[in-house]
Amino acid sequence: MPEPLAEAVIRAAAIYLGAGLVFAIPFAWRWAGRLDPVAREGTGGFRILLVPGGVLLWPWLAVRLLQPGPHPPEERNAHRRMRDGVR
């Protein structure tokens, strides 16, 4: 790979990860509860664990935060149907 191309790839990765870090910290401490109500009760350790994923997945998480409406619907599977008495 030519050196200018390699430098451009590394620079792009650094910009992406830097933007992800800027997004992930407030996401972990403030915004995660908007996507998952259970995350509102998360401890400090839980929030620290959210940061690496937030750094890598920040574009998808940002889009999810900007979408109006409630959090995702509850999953419907055989175990939940059995719990609810529905077969």
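## Before we start

Because this is a predicted model, local features need pLDDT of at least 70, and side-chain atom pairs count only at pLDDT 80 or more, while totals for chains, interfaces and linings use all residues. Residues are numbered from 1 along each chain as its sequence is written, and side-chain values use heavy atoms, with hydrogens and water left out.

Let's begin with helix H2 (residues 44-56) and helix H3 (residues 58-66). Helices here are DSSP runs of H or I with at least four residues, numbered from the N terminus. H2 and H3 pack at an angle of about 95 degrees, and their axes lie 5 Å apart. An axis is a line fitted to C-alpha atoms, for helices over the stretch in contact, and angles run from 0 to 180 degrees between N-to-C directions. The two helices are therefore roughly perpendicular, a label that covers 65 to 115 degrees.

Which residues of H2 and H3 meet? On the H2 side they are Gly-54, Val-55 and Leu-56, and on the H3 side Trp-58, Pro-59 and Leu-61; contact means heavy atoms within 4.5 Å. The residues of this contact divide into five nonpolar, one polar and no charged. In this scheme Ala, Val, Leu, Ile, Met, Phe, Trp, Tyr, Cys and Pro count as nonpolar, Asp, Glu, Lys and Arg as charged, and the others, Gly among them, as polar.

## What is tucked inside

H2 has buried residues too: Arg-47, Val-51, Gly-54 and Val-55. Buried means under 20% relative accessible area, exposed means over 50%, and partly exposed lies in between (1.4 Å probe, protein chains only). The buried residues of H2 pack against H1 and H3.

The largest nonpolar core has eight residues: Phe-23, Phe-27, Ala-32, Leu-35, Ala-39, Leu-61, Ala-62 and Leu-65. Helix H1 (3-35) and H3 each supply at least two residues of this core, and the largest share, four residues, comes from H1. A nonpolar core is a set of buried Ala, Val, Leu, Ile, Met, Phe, Trp, Tyr and Cys residues joined through side-chain atoms within 4.5 Å. In soluble globular proteins, nonpolar side chains tend to be buried together.

Leu-5 sits in helix H1 and is partly exposed, at 46% relative accessibility. Leu-5 and Val-22 are 17 residues apart in sequence and 26 Å apart in space, C-alpha to C-alpha.

Now look at Leu-21, another residue of H1, which is partly exposed at 41% relative accessibility. Which residues does Leu-21 touch, leaving aside its neighbours within four places in sequence? Leu-21 is in contact with Val-51 and Val-55. Leu-21 and Val-51 are 30 residues apart along the chain, yet their C-alpha atoms are separated by 7.6 Å. For Val-22 and Trp-58, 36 residues apart along the chain, the C-alpha separation is 9.4 Å.

## A charged pair

How many salt bridges does the structure hold? It holds one, between the side chains of Arg-83 and Asp-84 (3.1 Å, N to O). A salt bridge is a side-chain nitrogen of Lys or Arg within 4 Å of a carboxyl oxygen of Asp or Glu. Arg-83 is exposed, with a relative accessible area of 53%, whereas Asp-84 is partly exposed at 39%.

Terms used. Angles under 35 degrees count as roughly parallel, over 145 as roughly antiparallel, 65 to 115 as roughly perpendicular and the rest as oblique.
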